[in-house]
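Good morning, colleagues. Please look at the model on the screen while I take you through its salt bridges, its core and one of its helices.

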Amino acid sequence: VVCNRATARILGRSSTDDILLAHPADLSPPEQLDGRGSFQKAEEMLATARAQGFHRFEWILRRADGEDFPVEVSLTPVILHGRACSTA
């Protein structure tokens, strides 16, 4: 829904649109530290947040220059137009 400029700067992106339109796996290395694929794991983390109402976990992101770095993610589902969306 929203993304601040600091997030774009940290990720080395020129626009917040690049982040808002991306799947979490698109902003991450192909695999997370546990060896699981970022796409599969992101989908699981989103589903957990929807089911539990909140989910906090560690994640590896990748800057535009290719540098990986760890973050802590807090996901909380938000109802938007009658549909649950997860926001970090």
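Let me begin with a term: a salt bridge is a side-chain nitrogen of Lys or Arg within 4 Å of a carboxyl oxygen of Asp or Glu. By that criterion, Asp34, Arg36, Lys41 and Glu44 are linked in a network of salt bridges.

A word on the source. This is a predicted model, in which local features need pLDDT of at least 70 and side-chain atom pairs count only at pLDDT 80 or more, whereas totals for chains, interfaces and linings use all residues. Residues are numbered from 1 along each chain as its sequence is written, and side-chain values use heavy atoms, with hydrogens and water left out.

How many salt bridges does a search of the whole structure find? The search finds six. One of them joins Glu72 and Arg56, at 3.3 Å from N to O. This pair links distant parts of the chain, since Glu72 lies in strand β2 and Arg56 in strand β1, 16 residues apart. Helices (H or I, at least four residues) and strands (E, at least two) are DSSP runs, numbered from the N terminus.

Arg63 has two contacts to report. Its side chain meets that of Glu67 in a salt bridge of 3.3 Å, N to O, and its charged end sits over the ring of Phe69, 4.0 Å from the ring centre. Such a placement requires CZ of Arg or NZ of Lys within 6 Å of the ring centre and within 35 degrees of the ring normal.

I turn to the interior. Buried means under 20% relative accessible area, exposed over 50%, and partly exposed in between, with a 1.4 Å probe and protein chains only.

Finally, helix α3 itself. Its buried residues are Ser38, Lys41, Ala42, Met45, Leu46, Thr48 and Ala49. Just after α3, Gly53 takes a positive phi of about 90 degrees.
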